[in-house]
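Visitor: Please take one part of this model and go through it closely. I would like the cut-offs stated along the way.

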Amino acid sequence: MPELFEDVIVRTIARLMTPFIQLFALYVLMHGHATPGGGFQAGVIIAASFILVAIALGLEEAKDRVKQKVRLPMESFGPLNFVVVGVVCMICGGYYLQYTIVPLLPSLQAVGAVLISAVEVGIGVTVMAMVTTIFFSMAGGKHDTS
Amino acid sequence: MRFAPLMLVLVIGATLAIAVAGMPAFGSSDAPAYTHVVPRYLENCVEETGVGNIVTAIVVYYRGYDTFGEITVIFTAGIAVIALLGRE
C-alpha cells in the first residue's frame, strides 16, 4: 500500500474544494438544456471530485463517501431511466423517445424540457457511478512492486 | 525493397495533400455537412423540443437512440471492469 500524500495544504484544499466541484457539476447538469453541459459532463465532474478525494485524502476516505452499496443501483439507473421515459412516450401514442407527446404539462415545450432534463439526470448518475467504480477498481488492486 | 514502405508513405501522403485542396474552406457554412439537416435543426429546435441548447436537443432528442447506445456502452464497460477486476 503506497503512503498517503501527507501534506496539510493539499489535504485541506482538496477537502475544501470537493463540495464546490460537486455544486458546479449540479449546475452543469441542471442547466444542460439551456447552456453548454449535460449529463455526461456533469457525471465526469462529480467523478473527478471523488478521484481528487481518493488521491489527496486516501482511497478508503473516498470509498467511504460514496459507498458501493449506493453506487451499484446508480450504475443501472441511467439506462433504466432512458428505457422508462422512452416506453412512456410509446404508451402515450408517440414514437420511442418522442418526449413532446406526453401529456404531462400544458405546453409542449415544457414537457420536452422536463423529460430531456430527466434523461440527462439519469445519464449523469450512471456516468458518475461508472467512472468512480472503474477508478476504485483499478486503484484498489493488489500492489506488487517489489 | 528497403525503400518500399517509404515510397508507399510518400505516395499516400502526396495523394492526401492534393485532395486537401478539394475540401471546403475551414468553417465554411456551405460545406456539405452544414447544408443537409443542420438548417432544419436550427429553425425548428425550440418549437419541437423546448430546449434552447441545440447540442442537447440533438444529443437527447433527435439522436436519442444514439445516446441510449452510448449510455449502454458506459454501463457495459463498468460491468466488464467489475467482472474482470472483482468487487472492491
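This is a predicted model: local features need pLDDT of at least 70, side-chain atom pairs count only at pLDDT 80 or more; totals for chains, interfaces and linings use all residues.

Guide: Two residues are in contact if their C-beta atoms, placed from the backbone, lie within 7 Å. By that criterion, and leaving aside neighbours within four places in sequence, A:Arg71 is in contact with A:Val66, A:Ala129, A:Thr132 and A:Thr133. Residues are numbered from 1 along each chain as its sequence is written, while chains are lettered from A and ligands numbered from 1 in the order in which they are written.

A:Arg71 is found in helix α4 of chain A; helices (H or I, at least four residues) and strands (E, at least two) are DSSP runs, numbered from the N terminus. A residue is buried if 20 or more other C-beta atoms lie within 10 Å of its own, exposed if 12 or fewer, and partly exposed in between. A:Arg71 counts as buried because it has 20 C-beta neighbours inside 10 Å. A:Leu57 is 14 residues away from A:Arg71 along the chain, and their C-alpha atoms are separated by 20 Å.

Along the principal axes, the C-alpha atoms of chain A fill a box of roughly 65 × 30 × 20 Å. Of the 146 residues of chain A, 37% count as buried. Among its contacts between residues at least 6 apart in sequence, 63% join residues at least 24 apart.

Next, the nonpolar core, meaning a set of buried Ala, Val, Leu, Ile, Met, Phe, Trp, Tyr and Cys residues joined through C-beta atoms within 7 Å. The largest such core has 43 residues, and those touching the most other members are A:Ile46, A:Phe50, A:Tyr99, A:Ile116, A:Val119, A:Val127 and A:Met128. Two or more residues each come from α1 (8-30), α2 (39-57), α4 (68-91) and α5 (108-139) of chain A, and from α4 (54-62) and α5 (64-85) of chain B. The largest share, twelve residues, is that of α5(A). Beyond its neighbours within four places in sequence, A:Met128 is in contact with A:Gly43, A:Ile46 and A:Ala47.

The contact between the chains takes 36 residues from chain A and 22 residues from chain B. On the chain A side, α4 and α5 each supply at least two residues, and α5(A) gives the most, with 18 residues. By class, this side has 18 nonpolar, 15 polar and three charged residues; Ala, Val, Leu, Ile, Met, Phe, Trp, Tyr, Cys and Pro count as nonpolar, Asp, Glu, Lys and Arg as charged, and the others, Gly among them, as polar.

As for confidence, the model scores ipTM 0.78 and pTM 0.80. Chain B averages a pLDDT of 86, and 97% of its residues score at least 70.

Terms used:
pLDDT is the predictor's confidence in each residue, from 0 to 100.
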